[in-house]
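Open the model in your viewer and keep the sequence panel beside it. We will go from stop to stop, selecting a few residues at a time.

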Amino acid sequence: ADRWVLLVAAPVVNSYQSLNGFQTYDVYGLGDPFALMRYQLVNTKRTATDTTGGLVHRLQLGAGVKLPLGLSDATYNSERLHPDAQPGTGSWDALLSIEYALRGRRNGLMFSSLARINTADTHGIRLGHTASTTLDVFHTVKLGNTVQLLPSLGGYLEWAGHDDNHGVEEMGTGGTTWYATAGLRAYWKSWMFTATYQKALGWDIGDEMTATDYRVVTGLSLFLKNN
């Protein structure tokens with residue numbers, strides 16, 4: 001609708017780890033699908049006759065749920081992987097989000113933050129609650145009348161609380177990692193392709209955690225209504 005936006009996503013995950021050049025696991029699988037409903041508090045729009053290049057902005061608040069339908073019992077070399085390495089968590093989790101975008105005629109910035117409040121899985125393990133924040137600046141490139149590219153640069157901060165095993169906090173888990181990011185969004189008609197590279201710059205994590213070097217995230221979206 002004009003102010004309500006429903007995002008439904010089904011992730012596919014490759015979780016890979018190597019230590020000192022030795023591969024410890026490499027697993028592919030479906031992640032947990034989720035639905036996120038956002039409400040647009042503000043959504044100003046530039047009219048077709050506006051040639052001033054004035055700023056427009058959009059503010060959205062959201063809440064949703066992640067379903068325990070992804071792969072959460074993956075094994076590697078006949079051993080079940082740690083829950084942190086599983087494509088899915090095997091738990092029902094609540095999502096909260098805020099997103100703000102400010103843009104001129106060609107340039108803009110986007111701030112977004114997502115919190116995930118986790119519950120325990122069937123094995124009695126609850127992953128630490130998480131929060132992530134992204135701040136990007138982007139530039140708009142139009143190719144004809146149907147294709148629009150938005151390359152971006154920015155930063156990404158990720159925090160996780162302590163895991164919980166049958167009511168006992170695992171103090172060596174959780175922590176904070178910060179990344180530099182480079183991304184691209186490509187729009188064509190009702191489709192959007194996204195690709196983001198996240199390179200870890202530093203971390204402060206528990207002694208049971210393995211530091212992340214980098215991530216690559218890609219996505220394909222279909223807009224049933226573009227508002």
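**Stop 1: a strand residue.** Select Thr 177, which sits in strand β16, residues 175–188. Bear in mind that this is a predicted model. Is Thr 177 buried or exposed? Thr 177 has a relative accessible area of 9%. Buried means under 20%, so Thr 177 is buried. Now show what surrounds it.

**Stop 2: the surface.** Select Trp 188, Trp 191, Phe 193, Leu 220, Leu 222 and Leu 224. Together they form a nonpolar patch on the surface, with about 700 Å² of accessible area. Which elements give two or more residues to the nonpolar patch? They are β17 (191–205) and β18 (214–222). Click on Trp 191, in strand β17. Its relative accessible area is 36%, so Trp 191 is partly exposed.

Stop 3: Select Val 56, in strand β5, which covers residues 56–66. Val 56 is buried, at 12% relative accessible area. Val 56 and Lys 45 are 11 residues apart in sequence. In space, their C-alpha atoms are 6.1 Å apart.

**Stop 4: charged pairs.** Side chains of opposite charge can pair when their charged atoms come close. How many salt bridges does the structure hold? The structure holds eight. Select Asp 32 and Lys 66, whose side chains meet in a salt bridge at 2.6 Å, N to O. Asp 32 lies in the loop between β3 (22–30) and β4 (34–43), while Lys 66 is in strand β5, so the pair ties together parts 34 residues apart in sequence. Are these two residues buried or exposed? Asp 32 counts as buried, at 5% relative accessibility. Lys 66 is buried too, with a relative accessible area of 7%.

Asp 32, Lys 66, Asp 93 and Arg 116 are linked in a network of salt bridges.

**Stop 5: another pair.** Clear the selection and pick Arg 38 and Glu 99. Their side chains meet in a salt bridge at 3.8 Å, N to O. The pair links distant parts of the chain: Arg 38 is in strand β4 and Glu 99 in strand β8 (residues 93–103), 61 residues apart. Arg 38 counts as buried at 17% relative accessibility. Glu 99 also counts as buried, at 12%.

**Stop 6: an empty space.** Rolling a probe the size of a water molecule over the atoms shows where empty space is left. Across the whole structure, a search finds one cavity of 30 Å³ or more. What is the volume of the largest cavity? The volume is about 50 Å³. To see its lining, select Pro 83, Thr 89, Ser 91, Asp 93, Asn 118, Thr 119, Asp 121, Ile 125, Arg 126 and Leu 127. Look for Asp 93 among them.

Technical notes. Residues are numbered from 1 along each chain as its sequence is written. This is a predicted model: local features need pLDDT of at least 70, side-chain atom pairs count only at pLDDT 80 or more; totals for chains, interfaces and linings use all residues. Side-chain values use heavy atoms; hydrogens and water are left out. Patches are made of residues with over 30% relative accessible area and no salt bridge: like charges are joined within 9 Å, nonpolar side chains (Val, Leu, Ile, Met, Phe, Trp, Tyr) within 5 Å. Accessible areas come from the Shrake-Rupley method with a 1.4 Å probe; for residues, only the protein chains shown count as cover. A salt bridge is a side-chain nitrogen of Lys or Arg within 4 Å of a carboxyl oxygen of Asp or Glu. Helices (H or I, at least four residues) and strands (E, at least two) are DSSP runs, numbered from the N terminus. Buried means under 20% relative accessible area, exposed over 50%, partly exposed in between (1.4 Å probe, protein chains only). On a 1 Å grid over the protein atoms alone, a cavity is a set of points where a 1.4 Å probe fits but cannot get out, and a pocket is an open set with protein on both sides within 12 Å along at least five of seven lines; lining residues have an atom within 4 Å of a point. Grid points are joined across faces, edges and corners, and a volume is the space filled by probe spheres set on the points.
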